[in-house]
Amino acid sequence: MTIPFVDLKAQYHSIRDEIDSAIQEVIENTAFIKGHYVDKFEADYSSFMEGSEVVGCANGTDAIELALKALDIGPGMEVIVPANTWISTGEAVTTNGAQVVFVDSDPDYYTINPALIEEKITDRTKAIIPVHLYGQPAEMDTILAIAKKYNLFVIEDCAQAHGARYKGRLIGTLGDIATFSFFPGKNLGAYGDAGGVVTRNSTLAERIRMLANHGRLGKFDHALEGRNSRLDGIQAAILSAKLPHLPAWTTARQKNAALYCEYLKDGAAELPKNRPDSEHAYHLFVIRVGNREDLQEKLKEEGIASGIHYPIPLPLLKAYSRMGHIASDFPVCSSQMGEILSLPLYPELSETQIKRVCEIVNKYALKPRSGVQERVAV
Ligand SMILES: *Cc1c(COP(=O)(O)O)cnc(C)c1O
C-alpha cells in the first residue's frame with residue numbers, strides 16, 4: 001500500500017468540475033491580475049475571517065514581509081520569532097532590515113514558549129511573530145499580555161492553521177496583523193503560490209494593499225514605493241472554489257488525527273498534544289520517537305511517505321550562522337528536532353491507510369529521549 005505524504009490529486013478529483021470551471025471563467029474574462037476574482041476571494045476570505053479585511057498577495061512569505069513593512073519595522077529594530085518554524089518567519093524580518101531574535105519551543109506544543117519571551121525583549125524590540133505551528137494555536141493570551149506590557153505589535157503567522165481556534169477565538173483575529181499562505185500543500189491551498197494578509201485595522205489594510213501593488217491605489221497614483229506582490233486571478237478563483245470545503249476538510253483532518261492517536265496510543269511514539277480549549281487545524285501530525293531515521297526508513301520500505309518539520313532549528317541553520325547560536329541556546333527545540341516525524345495527514349486519507357501507518361510505527365518506534373526531559377514552566 002503506497003501512502004503519499006499529501007494527496008493533492010485526490011482532492012482535485014473530488015471537486016474537479018468546480019475547479020475547472022473557475023479557471024475557465026478567469027481565462028474567458030481575462031481577469032488575470034487584480035479584478036473580480038481577486039476581489040471576490042478577498043471578500044470570501046474576509047467572511048471566513050469573521051469580517052477582518054483581507055489583502056491577497058503573492059505568497060505567505062511576502063505576507064509576513066508586507067505586514068512588517070506596513071508597521072514600519074526595519075533597520076535598528078528587533079522582532080521575536082520562534083526557533084522552530086519554517087524559514088519564512090525569519091526571512092521576512094531580515095528582508096525588512098530588522099534583526100531576528102529567536103525563542104525556544106514549548107516542550108509540549110512545539111509553539112513558541114511565552115515564558116522565555118520577556119528575557120529577549122530590548123528597547124529595540126518592536127514585534128512578536130507567534131507561529132500557529134502544525135495547525136496548533138500558539139499560547140496567545142500570554143503573548144498578547146507581554147505585547148501589551150512592552151507595547152509590541154503581534155503578527156500571527158497562520159500559514160499552517162487556517163480555521164484553528166484558540167479558546168474559542170479564531171486564529172488570525174487575535175493580533176494586529178495575521179498572515180496566511182495558500183501554498184498548494186497548506187490546509188487551504190491554491191494551484192501555485194498565493195498568500196494573504198488579514199487585519200481588522202482598515203488603515204493598515206489599505207497600506208498593505210498599496211505596498212503589495214507598487215504603492216498605489218489608482219493606476220498611476222503611487223503614493224509610496226511598494227513592490228509587486230499580487231494574488232493572481234486564477235489562484236483567487238481556485239481559492240474561492242475551495243474555501244467552502246475548508247471546514248469539512250479541517251474536520252476530516254481532526255478526525256484522522258484522532259484515529260492516529262487511537263491506533264498509536266499503546267505504542268512507544270510520543271503523540272501530539274492538543275492545547276486545552278483550543279481547536280487544532282492539524283496541518284501536520286507530528287510524533288516523537290527515539291529512532292527517527294530508522295523508523296522513517298522502515299516506513300519508506302512499506303511505501304509510506306513521511307516528513308520532518310523541521311530538521312534543524314532556524315537559528316542553527318547556516319543562513320543564521322552570523323548570530324553564532326549553538327544548540328544549547330535552544331535546548332527544547334534542539335533536543336526535539338532529532339526525534340520529530342510528520343506522518344501523512346490529509347482530509348482524503350482513509351482509516352485503512354492510517355491503520356497501516358500505525359502498524360509500522362507501533363512495530364518499530366522507540367521511546368523519544370526528549371519526552372523525559374525536565375519541563376520548562378509556561
Ligand atoms: C508555508 C509557510 C510560510 C510561507 O508561505 P509561502 O506561501 O510558502 O511563502 C510561512 N510560515 C510558515 C510557518 C509556513 O509554514
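This is a predicted model: local features need pLDDT of at least 70, side-chain atom pairs count only at pLDDT 80 or more; totals for chains, interfaces and linings use all residues.
Helices (H or I, at least four residues) and strands (E, at least two) are taken here as DSSP runs, numbered from the N terminus. Tyrosine 110 sits in the loop between strand 3 (99-103) and strand 4 (125-128). Its phi is positive, at about 70°, even though tyrosine 110 is not a glycine. Another tyrosine also deserves a look: the peptide bond leading from histidine 309 into tyrosine 310 is cis, with omega near 10°. Tyrosine 310 belongs to the loop between helix 10 and helix 11 (331-337).

Next comes the ligand. There are 13 residues around it, and the ones that come nearest are Gly60, Thr61, Asp157, Ser181 and Lys186. Some side chains place a polar atom by a ligand oxygen. For threonine 61, a polar side-chain atom lies 2.5 Å from an oxygen atom of the ligand. Glutamine 160 has a polar side-chain atom 2.8 Å from a ligand oxygen atom, and for lysine 186 the corresponding distance is 3.1 Å.

Helix 4 (residues 60-70) packs with helix 5 (residues 88-95) at an angle of about 40°, the two axes lying 8 Å apart. Because of that angle, helix 4 is oblique to helix 5. The crossing of this pair is right-handed. On the helix 4 side, the contact is made by Thr61, Ile64, Glu65 and Leu68, while helix 5 brings in Ser88, Thr89, Glu91, Ala92, Val93 and Thr95. Sorted by class, the residues of this contact come out as four nonpolar, four polar and two charged.

Helix 10 contributes Leu295, Lys298 and Leu299 to the contact, and helix 12 supplies Val357, Ile360, Val361 and Tyr364. What is the make-up of the contact of helix 10 with helix 12 by class? It has six nonpolar residues, one charged residue and no polar ones.

Conventions
Residues are numbered from 1 along each chain as its sequence is written. Side-chain values use heavy atoms; hydrogens and water are left out. Axes are lines fitted to C-alpha atoms, for helices over the stretch in contact, and angles run from 0 to 180 degrees between N-to-C directions. Angles under 35 degrees count as roughly parallel, over 145 as roughly antiparallel, 65 to 115 as roughly perpendicular and the rest as oblique. A crossing is left-handed if the near helix is turned anticlockwise from the far one by less than a right angle, and right-handed if clockwise. Contact means heavy atoms within 4.5 Å. Ala, Val, Leu, Ile, Met, Phe, Trp, Tyr, Cys and Pro count as nonpolar, Asp, Glu, Lys and Arg as charged, and the others, Gly among them, as polar. A residue is near a molecule or strand if one of its heavy atoms lies within 4 Å of it. A polar contact is a pair of N or O atoms within 3.5 Å; within protein, one must be able to donate a hydrogen and the other to accept it, and residues adjacent in sequence count only if both atoms are side-chain atoms.
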